[in-house]
Amino acid sequence: MPEGDTVWQTARRLHDALAGKALTRSDFRVPKYATVDLSGRAVLDTISRGKHLLTRVEGGLTLHSHLLMEGAWKVYGDGERWKGGPGHQIRAVLATADRTAVGYRLQVLDLMRTGEEDRTVAHLGPDLLGPDWDGDLALANLLADPARPLGEALLDQRNLAGIGNIYKSELCFLLGVTPWLPVGALPTELAAKLPPLAKSLLEANRDRPVRRTTGLRGQDLFVYGRAPRPCLRCGTSVRVADQGDGSQERPTYWCPRCQGGPAPAPGSPQRWRERYRRTAR
């Protein structure tokens, strides 16, 4: 699932391409909206809210989309070939006189009254890249369930909105704790650092083409995607395991030496063993 900075960048691309222009074509390839035509309406803006995208058009309507694991919005110039995937994966097309936005593999696509947007996003916690950011509230949300593993709490968008598997793993590494540490066991001084650290990471990367958390040339991330290569700090082999209830793939990376706290038993992350081999090649 894309991280909050990726969704923010997507919103900016859609806004820059469509805002202030009248739609010359709209095509929604989902049964519920197959007959809807927004042609002639001007696009007002596109914003991100956590990992949700809201495109507002004249007449008080909002197109809500969510990228989930594989979705993407691509923007093309007039006459440019669409290259985001095969045609059967297209779920939405929004075109103006000079730009066309194509939504691929959008598993969530809803058209609603703009005044009803809160029904979709009101459950979200403070947005790390939004005007509603409140670090104290985000921390209070995280600490409300002290027995919950930190990694799971960070991914819960009701606590704070915008963190995915990459930032979950990187934040836990920077704090020096494993993602399986109960939130309530996080030392007070580290807990206080967590919200501003998360915000600073996403803000630093929202304008970058390549996400970077290390500050090291040629090494973009400390642990995510690095198993079984050596940790950039201590040289220990980085490990990976699945975290959560198993309903979704949640690959979680950590250094067993640099990060203190509980972790899965050695040999338990069988699902990722083949991915280990491919990464090592």
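**Ground rules.** I am working with a predicted model, in which local features need pLDDT of at least 70, side-chain atom pairs count only at pLDDT 80 or more, and totals for chains, interfaces and linings use all residues. Numbering starts from 1 along each chain as its sequence is written, and side-chain values use heavy atoms, with hydrogens and water left out. My helices (H or I, at least four residues) and strands (E, at least two) are DSSP runs, numbered from the N terminus. I call a residue buried under 20% relative accessible area, exposed over 50% and partly exposed in between, with a 1.4 Å probe and protein chains only.

**Helix H1.** I checked the length of H1 (residues 4–18) first. The expected span is 1.5 Å times one less than the number of residues. For the 15 residues of H1 that gives 21 Å, and the end C-alpha atoms are 21 Å apart, so the two agree. Its buried residues include Trp8, Ala11, Leu14 and Leu18.

**Helix H6.** Where does H6 kink? I found a kink of about 35 degrees at Leu194, shortly before the proline Pro195; the bend is the angle between axes fitted to the seven residues ending there and the seven starting there. H6 has 18 residues and reaches 27 Å from first C-alpha to last, close to the 26 Å expected. Both Leu194 and Pro195 are buried, and so listed with Leu190, Ala191 and Ala198, among others. The buried residues of H6 pack against H1, H3 (135–143), H4 (150–155) and H5 (165–175), where contact means heavy atoms within 4.5 Å.

**Strands S9 and S10.** I counted 4 bridges joining S9 to S10, which run antiparallel; strands pair if DSSP finds at least two bridges between them. Val240 stands opposite Tyr253 in S10. In S10 (residues 251–254), Pro251 and Tyr253 point one way, Thr252 and Trp254 the other, and all are buried. In a regular strand the side chains alternate between the two faces of the sheet.

Which peptide bond is cis? I noted the one from Ala227 to Pro228, with omega near 0 degrees. Pro228 sits in the loop between H6 (188–205) and S9 (239–242). Leu68 is not a glycine, yet has a positive phi of about 50 degrees; I placed Leu68 in the loop between S4 (61–66) and S5 (72–77). Leu68 is partly exposed, at 22% relative accessibility. Arg105 also has a positive phi, near 55 degrees, and lies in the loop between S7 (99–104) and S8 (108–113).
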